[in-house]
Each structure stands twice: as C-alpha cells, then as structure tokens.
Amino acid sequence: MSKTITIDGKTIPFEDGQTIMQAATAADVYIPHLCHHPDYTPHGSCKLCTVKVNGRNCSACTFPAAEGQDVLNNIKELTDDRQKITQMLFVEGNHFCPSCEKTGNCQLQAVAYHLNMLDDHFPLFYPHRNVDASHPDLMIDHNRCIFCTLCVRASREHDDKDVFALSGRGINKHLIVNSISGLLKDTDMDMHDHAAHICPTGAILIKRTGYQVPIGERIYDHQEIDAVSLATEQQHGE
Amino acid sequence: MANKIRVATTSLAGCFGCHMSFLDLDERLLQLAELVEFDRSPITDIEHCTNCDIGLIEGGVCNSENVHTLREFRKNCKILVAVGACAINGGLPAMRNFIPLEECLSEAYLDGIGVENPQIPSDIELPLLLDKVRPIHEVVKIDYYLPGCPPSADVFWKFLTDLLEGREPELDYGLVHYD
C-alpha cells in the first residue's frame with residue numbers, strides 16, 4: 001500500500017521525500033505558486049502555495065508529505081489570502097502590464113488572473129528601481145522583480161555559475177549580479193543559460209524577442225495557469 | 001421608460017481609450033439606451049453629475065481637477081467603478097512617478113527638442129499637477145474594478161448587464177486582462 005495524504009478530500013499518493021507540492025502536481029492537483037520550480041531546490045518565499053496541513057498554514061513547496069495529512073488547498077480562505085499576497089507583489093513593484101513585453105506570458109499576471117484579481121487593493125509603492133540593459137542579449141528590469149530567486153537558483157544549480165543573489169532585507173531587498181561594476185554585461189551570464197529563461201515575470205528578458213508572439217496569442221491569454229503549470233511541471237521533477 | 005438607470009462617465013488621467021472601447025459595444029448601445037440614460041459624460045457634454053446609479057471612471061488622478069471630479073462622482077453615484085489599468089494602478093501616466101515633476105515640466109516646456117517660446121504653463125485656469133499620479137482607490141471608495149488596457153466592450157457589457165439584471169457582476173477568465 002502506498003502512502004497517501006488527502007487534498008481537499010481527494011486521496012493523493014506520495015513517496016517518501018516528496019513535498020506536498022510534488023505529490024499534488026503528480027496527482028494533477030494545482031497549487032498556485034511563483035517561486036517554486038520542479039527543477040530547483042524549493043525556496044518557500046512567495047507563500048502563494050500556502051495550504052492548510054492538519055489546520056496549520058504551511059508552504060506546500062517545502063513541506064514534506066507525511067502519511068495521513070489532511071491538506072486544504074482550494075478553499076475560499078486560502079484563495080483570499082493568495083489574492084492578497086499577489087496584490088502585495090503587484091503594489092510593491094512596478095507592474096505596468098500594458099507596457100511590459102512579458103504580458104500574456106507572465107506567471108505573476110497569470111496567477112492574478114487565476115485568482116480573479118481585479119484590483120490592487122493596497123496603496124501603490126511606486127518604488128524607484130533601475131533597468132540594467134548593459135548586456136548585449138539580456139536585460140534586467142528591476143521594476144518587475146518579485147525576489148522569487150529562481151534566477152539565483154537556476155544560475156547556481158543548473159548553469160554552474162553564480163550570477164545572481166538577493167541583497168538587503170524587507171523593502172530594501174533587491175536583486176544583485178556578480179560583477180564588480182554591478183552590471184550584467186560584466187558577468188559570465190549567457191542568453192542560453194537557464195537563468196535567462198526562468199523569470200516568472202518580465203524582470204529578466206531576452207532582447208529582440210519580446211513581440212515575436214503577438215499580444216492576444218500568448219500562453220495565458222487563453223489558457224489558465226493551472227492547466228499550463230501542471231502540464232509542464234509533470235514533465236520535470238524527480 | 002420612466003426610471004432609467006442613470007450612468008455618468010469621465011476620463012481623468014486617461015487617454016479616452018476606455019471610452020472608445022465602451023463605444024465598441026456598437027449595436028448593443030441601442031439595447032443599453034433602452035435601459036440607461038447618460039448623465040455627465042463626454043457622450044452628453046453634461047458638466048456635472050447628479051444622483052446617478054453608476055459612475056464609470058477612466059484614468060488615474062494626476063491633477064487637482066481630477067480629485068474634484070472624482071469626489072463629485074463619488075458623492076453622486078451609488079456605484080463607482082474603476083475602469084481600465086490607469087484607474088486601477090495609475091497606468092502609463094504613473095510612469096512619470098519616477099521622475100521629479102519639475103524635470104517632467106522642464107523636458108516638456110523648457111528644454112525639450114523643438115520647444116519654441118519656452119515657459120511652464122501657469123494660467124490660473126490650469127489645474128495644478130499632483131507630484132505623483134495615483135490610482136483612484138487611493139482617493140475615494142471604489143465598488144467595482146474593470147481591468148484592461150482597455151477593458152473590452154464585452155467586459156462593459158457583462159458588467160452592466162449583470163448589474164442591470166440584479167446579479168453580482170462577475171468577470172470570468174476570458175474577460176480579465178491587464179493589457
């Protein structure tokens with residue numbers, strides 16, 4: 001008999017060592033997330049994957065599945081929390097979708113659509129953040145960075161480089177690159193690196209590719225992120 | 001029909017794109033006209049709104065006149081709706097928030113390429129600019145939000161028909177776009 005947990009009453013099998021997120025994904029259950037990617041060490045920072053495990057809130061991407069857990073995922077309380085978290089991500093950065101070339105392919109936007117987020121709720125910060133367009137093939141728009149660290153992890157764990165890190169705490173947190181000048185052009189970053197393609201928002205972009213697919217025909221224009229995420233992430237993983 | 005629903009609309013720091021999208025209702029405007037009448041709106045040229053059921057606000061708040069207009073709408077509309085990206089988060093006009101106002105004015109009226117007779121406009125009739133463009137929910141209470149740049153005519157239609165038929169307005173996935 002394989003071990004099982006329940007998610008919203010549905011019995012889900014798992015193997016020892018799997019997180020709740022991994023067990024859920026394998027069983028076709030979508031748990032909203034932004035900082036999680038099946039190829040990389042979970043980080044547990046965006047908190048969108050917060051689920052209730054035996055009554056306690058836990059991050060599904062880091063929490064190990066264990067026999068008999070009763071997990072709540074798709075309930076109003078958590079959906080409301082996730083919407084508020086997403087609204088906070090929007091107001092803490094500068095996310096002007098109509099002027100962003102990632103629109104329609106952006107996971108932050110897609111999660112917001114999925115949660116039926118119609119407004120930002122909170123007052124906007126309008127933080128002053130820079131754009132680093134120094135690299136010949138890549139650019140970083142810090143306005144759109146949500147500090148998920150996927151680029152940090154992809155660079156270290158896959159590309160065998162160490163291009164990115166987070167610096168500062170709280171509202172002063174920001175993405176830094178590993179060069180004396182602080183510019184991306186002076187790192188060993190290459191446009192073929194995984195780290196160049198992993199950004200869930202429009203913070204790291206490949207130059208000269210932004211409008212190859214017209215707005216209106218992009219990934220999330222017609223497909224919800226739950227289906228897209230499950231289909232792609234079931235092919236990854238252990 | 002004696003008791004038509006009264007709708008007012010305005011564009012604050014917007015581009016009238018949301019109003020143009022509203023006009024994309026095309027022949028559905030005739031159906032709508034059976035049920036609603038327009039109060040203050042660019043469509044009617046009525047200057048002030050009075051006792052309206054629904055107020056549709058396009059654009060964020062960038063100057064003192066926008067604030068007065070928005071407050072007039074809030075005071076006179078039972079239901080106030082933020083229409084489009086700029087009303088909801090400031091939108092593209094809010095991208096000036098990262099540049100000091102003085103620099104914006106200098107670039108536009110003093111130092112910009114091709115400027116003749118450079119001077120900062122200061123006529124007393126001109127509303128004063130705010131230091132930052134703000135979304136309208138930071139100034140008054142907003143009841144509903146229609147995202148999009150612009151929201152499509154279908155969004156207006158779904159929202160207004162839901163309201164007119166007594167349902168809580170809902171926008172499903174295909175109607176929610178921020179771009």
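**Group meeting talk: a predicted two-chain model**

Let me begin with chain A, whose domain assignment gives domain 1, residues 3–74, and domain 2, residues 81–210. Please keep in mind throughout that this is a predicted model. The C-alpha centres of domain 1 and domain 2 of chain A lie 25 Å apart, and the contact between these domains takes 13 residues from domain 1 and 19 residues from domain 2. If we sort by class the side of domain 1 of chain A that touches domain 2, we find 6 nonpolar, 5 polar and 2 charged residues.

As general background, nonpolar side chains in soluble globular proteins tend to be buried together. For one of those residues, B:Ala82, the contacts beyond four places in sequence include B:Ile57, B:Ile88, B:Ile136 and B:Tyr145, and they also include A:Asp119 from the other chain.

That brings me to the contact between the chains, where 23 residues of chain B are in contact with 18 residues of chain A. On the side of chain B that touches chain A, helix H4, residues 84–89, gives the most, with 3 residues, and the residues of that side divide into 15 nonpolar, 5 polar and 3 charged.

Back in chain A, there is an open sheet of 3 strands in the order S6-S7-S10, with antiparallel pairing. Strand S6, residues 131–132, and strand S10, residues 204–206, stand at the edges with a single partner strand each, so one side of each is left without a neighbour in the sheet. S6 of chain A pairs with S7, residues 138–141, over 2 bridges, and here A:Asp132 stands opposite A:Ile140.

The loop between strand S9, residues 174–177, and S10 of chain A holds A:Asp188. Leaving aside neighbours within four places in sequence, A:Asp188 is in contact with A:Lys161 and A:Val163.

After H6 of chain B comes B:Gly166, with a positive phi near 80 degrees. In the loop between S7 and H6 of chain B lies B:Pro150, which is joined to B:Cys149 by a cis peptide bond with omega about -5 degrees.

Finally, some backbone details. Most residues other than glycine have a negative phi, and most peptide bonds are trans. A:Asp8, which is not a glycine, has a positive phi of about 50 degrees and lies in the loop between strands S1 and S2 of chain A. B:Asn117 likewise has a positive phi of about 50 degrees without being a glycine, and is found in the loop between helix H5 and strand S6 of chain B. With 5 C-beta neighbours inside 10 Å, B:Asn117 counts as exposed, whereas A:Asp8 is partly exposed, with 13 other C-beta atoms within 10 Å.

Methods: Residues are numbered from 1 along each chain as its sequence is written. Chains are lettered from A and ligands numbered from 1 in the order in which they are written. This is a predicted model: local features need pLDDT of at least 70, side-chain atom pairs count only at pLDDT 80 or more; totals for chains, interfaces and linings use all residues. Two strands pair if DSSP finds at least two bridges between them. Helices (H or I, at least four residues) and strands (E, at least two) are DSSP runs, numbered from the N terminus. Two residues are in contact if their C-beta atoms, placed from the backbone, lie within 7 Å. Domain bounds come from an automatic or database domain assignment. Ala, Val, Leu, Ile, Met, Phe, Trp, Tyr, Cys and Pro count as nonpolar, Asp, Glu, Lys and Arg as charged, and the others, Gly among them, as polar. A residue is buried if 20 or more other C-beta atoms lie within 10 Å of its own, exposed if 12 or fewer, and partly exposed in between; C-beta atoms are placed from the backbone.
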